[in-house]
Amino acid sequence: MRVFSPSYFVTLLMTAAVSSVLCVAGRRRPGRWRIGANWALAVILLATSGLWLATTASQQHFSAATSLPFALCDMAALVAAVALATRNALLVELTYFWGLAGTLQALVTPDLGSSFPSLEFFEYVIGHGAIVCAALFLVVGHRLPPRPRAVLRVSLVTIAYSAFVGGLDAVTGGDYMYLRHPPATRTLLSVLGPWPWYIVSAAAVAIVLFTLLDLPWW
């Protein structure tokens, strides 16, 4: 599938439109409806994650190397769902920075082998789009901006999680978070150098993106 096929481009526009509506409405007309919207987004995130696990298990033999939900976007979906339900400050920060620095990039340059109207297509675009919506709605619509030193906190959590996933890759032979091999399709990692140097480059890019995302709240 071409990255910007008409059907995929529509999904990007819909993600932008829903995020904008939620953010503007949340700031101009705050009320209990925001809690309902939080739970709706949380259910969507958990449902798409569960559906992905179910379809993966049904279509192929379970493999610890490929079937576990430990990609950063998988964890971002879980974190975002809990953040929507609890509005915990650290979880909101992780949702914001992971969602806009990582998941948004995955939407713009998707590692997706199926096209519309396949189930995988909908799982991918709805799951990733909901993370981006949650990140913007929590921070802008709910007025829960990152706290001082948020970049440092999120960077440390990201490094710790990457180290955990690196150990998991070594044990299972997997490639979660693309720590052992670059993705098959062209993504941002494709221009950051060969393995393992693109890991260092990606870490530097992540810190820069985190800082830029934090700038509006200084």
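Predicted model: local features only at pLDDT ≥ 70, side-chain atom pairs only at ≥ 80, totals over all residues.
Beyond its neighbours within four places in sequence, Leu 45 is in contact with Ala 77, Ala 80, Ala 81, Leu 84, Gly 127, Ala 130 and Ile 131.

## Overall architecture and confidence

The chain contains 7 helices and 0 strands, and its pattern along the sequence reads α-α-α-α-α-α-α. Of its 218 residues, 39% count as buried. Among contacts with a separation of 6 or more, 69% are between residues 24 or more positions apart.

The predictor's confidence is expressed as pLDDT, with a chain mean of 86. A value of 70 or more is reached by 89% of the residues. Among the elements of the chain, helix 3 has the highest mean pLDDT (94), whereas helix 2 has the lowest (88).

A search of the whole structure finds 2 salt bridges. In one of them, the side chains of Glu 93 and Arg 147 meet at 2.8 Å, N to O. This pair links distant parts of the chain, 54 residues apart: Glu 93 lies in helix 4 (residues 89-108), while Arg 147 lies in the loop between helix 5 (119-141) and helix 6 (150-172).

The side chain of Glu 93 also meets that of Arg 153 in a salt bridge, at 3.1 Å, N to O. Here too the pair links distant parts of the chain, with Glu 93 in helix 4 and Arg 153 in helix 6, 60 residues apart. Through shared partners, the salt bridges join Glu 93, Arg 147 and Arg 153 into one network.

The accessibility of the three residues can be stated individually. Glu 93 counts as buried because its relative accessibility is 2%, and buried means under 20%. Arg 147, at 35% relative accessibility, counts as partly exposed. Arg 153 likewise counts as partly exposed, at 25% relative accessibility.

## Ser 19 in helix 1

Ser 19 is located in helix 1, which spans residues 6-28. With a relative accessible area of 4%, Ser 19 is buried. Apart from neighbours within four places in sequence, Ser 19 is in contact with Val 132, Cys 133 and Leu 136.

## The surface and its nonpolar patch

The chain exposes about 11500 Å², of which 72% is supplied by carbon and sulfur atoms. On this surface, Val 208, Leu 212, Leu 215 and Trp 218 make a nonpolar patch of about 460 Å².

Note on methods. Residues numbered from 1 in each chain as written. Heavy atoms only, no water. Patch = residues over 30% accessible without salt bridge, like charges linked within 9 Å, V, L, I, M, F, W, Y side chains within 5 Å. Areas by Shrake-Rupley, 256 points an atom, 1.4 Å probe, with all protein chains shown as cover. Salt bridge = Lys/Arg side-chain N within 4 Å of Asp/Glu carboxyl O. Helix = DSSP H or I, 4+ residues; strand = E, 2+ residues; numbered from the N terminus. Buried < 20%, exposed > 50% of the residue type's maximum accessible area, 1.4 Å probe, protein only. Contact = heavy atoms within 4.5 Å. pLDDT = per-residue confidence, 0-100.
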